[in-house]
Amino acid sequence: MTEYGYWQDVPTRWKDNDHYGHVNNAVHYSVMDTVINTWLIERAGLELDGGGPIGLCVESHCVYKASVSFPEVIAVGLRVGHLGTSSVRYETGLFRSDRSTLIAEGTFTHVFVDRDTRRPVPIAGPMRDELEKLVNA
């Protein structure tokens, strides 16, 4: 298994299953977004109500490897594949709870922008320091 610097368990919900009896593909994107933003808030100092920069998703991608259904728990691994001046490409691995079976691999790119002008700003300070810890984790 590829190494990830951060892990979070995400329980599936009854409403996540579709008519085919498995978690719908749109839920995978929601799980990735939730894990990334949880990490940003808890570890990197993202301020939801503050005056600092915000990350806008400019690209996302997901490759599905296996099916998952409620009531399974998804173990999500997170690392940084590329850290630029104002952008970051996260790489995620979604696994069964025991981390033995890969369910999906995804990427998610944020460009950090000024909250008011929506113009790109450099990723700096504690946020950059924390993101660097996830590069090639």
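Reader: Is Y4 buried or exposed, and at what relative accessibility?

Author: Quick background: this is a predicted model, where local features need pLDDT of at least 70, side-chain atom pairs count only at pLDDT 80 or more, and totals for chains, interfaces and linings use all residues. Residues are numbered from 1 along each chain as its sequence is written, and side-chain values use heavy atoms, with hydrogens and water left out. Now, buried means under 20% relative accessible area, exposed means over 50%, and partly exposed is in between (1.4 Å probe, protein chains only). Y4 comes out at 8%, so Y4 counts as buried.

Reader: What about W7?

Author: W7 has a relative accessible area of 22%, so W7 is partly exposed.

Reader: How do I read an aromatic pair?

Author: Look at rings of Phe, Tyr and Trp (its six-membered ring): they pair if their centres lie within 6.5 Å. Planes under 30 degrees apart count as stacked, over 60 as edge-to-face, and the rest as tilted. This structure holds four such pairs. In one of them, Y4 and W7 sit 5.5 Å apart, centre to centre, with planes at 80°, so they're edge-to-face. Y4 also pairs edge-to-face with F95, at 6.2 Å and 75°.

Reader: Which parts does the Y4 and F95 pair tie together?

Author: Y4 lies in the segment before β1 and F95 in strand β4, so the pair links parts 91 residues apart in sequence. (Strands are DSSP runs of E, at least two residues, numbered from the N terminus.) Y4, W7 and F95 form one aromatic cluster.

Conventions
Helix = DSSP H or I, 4+ residues; strand = E, 2+ residues; numbered from the N terminus.
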